[in-house]
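Please look through the report below with the sequence and the model at hand.

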Amino acid sequence: MTFSIRTKLTFWYTSLLAISLILFGLSFFYALSKIYMNRIDREISSVAGLMVHTIVEPPGRLRLPRNFDIILERFFGLRIRGNYIQVLTPDGRVAGRSSTLEGLELPLTEKAYRRALNGKRTYEIVRTFGVYPVRILTLPVVVKETGLVAIIQVATSLEGMEEIFHYMIYFFSFGIVLSIIIAGGVGWFLAGKALKPVDEMTRIARKITAENLNERLPIVKPDDELGRLASTFNDMIARLERSFRQIKQFTADASHELKTPLTIMKGEVEVALKSRADEAELREVLTSILEEIDRMNEVIKGLLTLARTDVEEETTKQPVSFDHIVEERCEQFRKLVHNRGLRLDVKIKKGVTVLVDPVRMGQVVYNLVDNAIKYTPKGGTIRVSLDTQDGWAVLRVSDTGVGIPEDEVAYIFDRFYRVDKARTGGSGVGLGLSICKEIINTCGGKIEVESTVGKGTTFTTHLPLADNSMKEVN
Ligand SMILES: Nc1ncnc2c1ncn2[C@@H]1O[C@H](COP(=O)(O)OP(=O)(O)O)[C@@H](O)[C@H]1O
Ligand SMILES: [Mg+2]
């Protein structure tokens with residue numbers, strides 16, 4: 001069985017209050033009874049002291065007064081009812097008593113008698129005398145010459161105290177129960193009020209789906225716990241919204257990129273079917289279709305690479321020698337560069353080890369050099385350099401090509417983004433750089449670009465060196 005936070009809060013709060021009130025009440029009663037008893041003991045002790053002087057005459061003879069009430073009156077005024085004096089002989093027989101006893105006998109307990117025989121006084125509460133308990137002092141009267149001559153008992157009824165305590169217990173119990181009820185009600189109300197924003201948040205959060213991710217939780221007090229919770233929620237929803245939007249955009253772009261070549265192919269085939277084309281014309285159509293198929297192939301390959309990089313957060317990283325990879329890739333391009341009338345200038349530092357997936361890193365180098373060649377006109381130079389700096393492997397690929405307009409630099413890493421679709425004449429689908437960025441990100445590196453239109457472009461890639469990342473782990 002689970003209870004709501006509100007119920008639990010109220011329960012704990014009222015229980016604590018009840019416990020502290022009860023503890024307070026108990027200690028209050030304890031202290032009060034102690035004080036009261038002390039006062040009574042002092043009184044009966046004084047009466048007993050006076051009695052000793054009254055009944056013992058030197059040299060140690062006992063002389064009982066005719067009326068004990070006078071002694072009581074000297075202490076208690078006219079209200080002597082409930083106060084008693086009784087004198088016993090050493091063997092425990094009654095020798096005299098105050099009229100307030102009305103012929104009854106104050107009880108002498110075994111214990112008090114034994115102590116009296118030993119010359120010790122005893123205070124005790126006896127409940128067998130009358131309706132109310134009495135406080136009795138039993139005091140032995142010992143004279144030097146003759147020893148124990150009498151036992152004096154002075155007693156006071158605890159009637160008044162019983163009565164006061166009785167009423168007070170009533171009063172306290174009632175007060176405690178009433179305070180608990182009131183505090184419980186107020187606590188329930190306050191807890192409800194404090195937790196209301198949580199209900200409100202739950203209600204709104206329940207309504208948020210993929211369709212209305214633009215909704216946000218209301219933040220009443222941004223600095224309290226619930227305000228912080230709400231803004232954390234809102235941040236999370238914002239992130240979800242962003243990635244949903246990216247996915248939507250990506251799906252739309254991908255479909256478009258795949259649909260365009262299909263449309264072109266369909267159109268060409270239809271025209272060819274309708275016209276009476278000769279073999280040469282048909283060949284041309286087929287060549288064009290082949291180009292479109294290649295293009296679709298490129299797009300699908302790129303999409304697959306991206307999808308895989310997205311899924312595998314941790315790729316199969318291993319320490320590989322980066323200089324080998326770069327070297328190998330540059331060699332691949334030598335012939336193409338030469339055919340295009342370009343120069344390739346490679347400067348590689350040896351023994352640069354990074355923690356990467358070698359196949360994917362090869363793809364990064366390939367894409368960067370491929371772009372440089374693609375966007376550099378005849379006679380230009382492409383420079384590739386690999387160096388180390390502050391624990392990073394730094395790969396630079398620069399060209400003296402067309403450059404990228406300043407306002408487009410920010411988008412070139414986006415999927416399917418291409419500065420000028422016409423310029424490249426169909427080769428490339430705009431996925432190369434976004435693939436590079438994804439791969440480099442999963443390796444803990446970064447890629448930056450610097451470009452001037454008409455002058456050239458430089459891509460700089462930073463990757464953590466393998467021994468450096470080992471050091472960081474330790
Ligand atoms: N070295 C470069 N010089 C000039 N423009 C570049 C260079 N590299 C990339 N770009 C621009 O960035 C865009 C995106 O590059 P990329 O993702 O590799 O796509 P693709 O090469 O398929 O066009 C390119 O279309 C091009 O406009
Ligand atoms: Mg490219």
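F333 is buried, since its relative accessible area is 5%; buried stands for under 20% relative accessible area, exposed for over 50%, and partly exposed for the range in between, with a 1.4 Å probe and protein chains only. The model is a predicted one: local features need pLDDT of at least 70, side-chain atom pairs count only at pLDDT 80 or more, and totals for chains, interfaces and linings use all residues. Residues are numbered from 1 along each chain as its sequence is written, chains are lettered from A and ligands numbered from 1 in the order in which they are written, and side-chain values use heavy atoms, without hydrogens and water.

Aromatic pairs are counted for rings of Phe, Tyr and Trp (its six-membered ring) with centres within 6.5 Å; planes under 30 degrees apart are called stacked, over 60 edge-to-face, and the rest tilted. The count under this rule is 13 aromatic pairs. One of them joins F333 and Y366 in a tilted arrangement, with 5.1 Å from centre to centre and 35° between the planes. This pair links distant parts of the chain, as F333 belongs to helix 7 (residues 322-339) and Y366 to helix 8 (residues 358-374), 33 residues apart. Helices (H or I, at least four residues) and strands (E, at least two) are DSSP runs numbered from the N terminus. Y366 is partly exposed, at 33% relative accessibility. Elsewhere, ring pairs connect F24, F28, F29, F165, F171 and F172 into a cluster.

Charged side chains also lie over rings, which requires NZ of Lys or CZ of Arg within 6 Å of the ring centre and within 35 degrees of the ring normal.

| Charged residue | Ring | Distance to ring centre |
|---|---|---|
| R6 | W188 | 4.0 Å |
| K437 | F413 | 5.0 Å |

V186 is located in helix 4 (residues 159-207) and is partly exposed, with a relative accessible area of 41%.

K347, in strand 9 (residues 343-348), is exposed at 62% relative accessible area. Its C-alpha atom is separated by 14 Å from that of T460, 113 residues apart along the chain.

An automatic or database domain assignment divides the protein into domain 1 (5-163), domain 2 (208-311) and domain 3 (315-473). The C-alpha centres of domain 1 and domain 3 are 106 Å apart.
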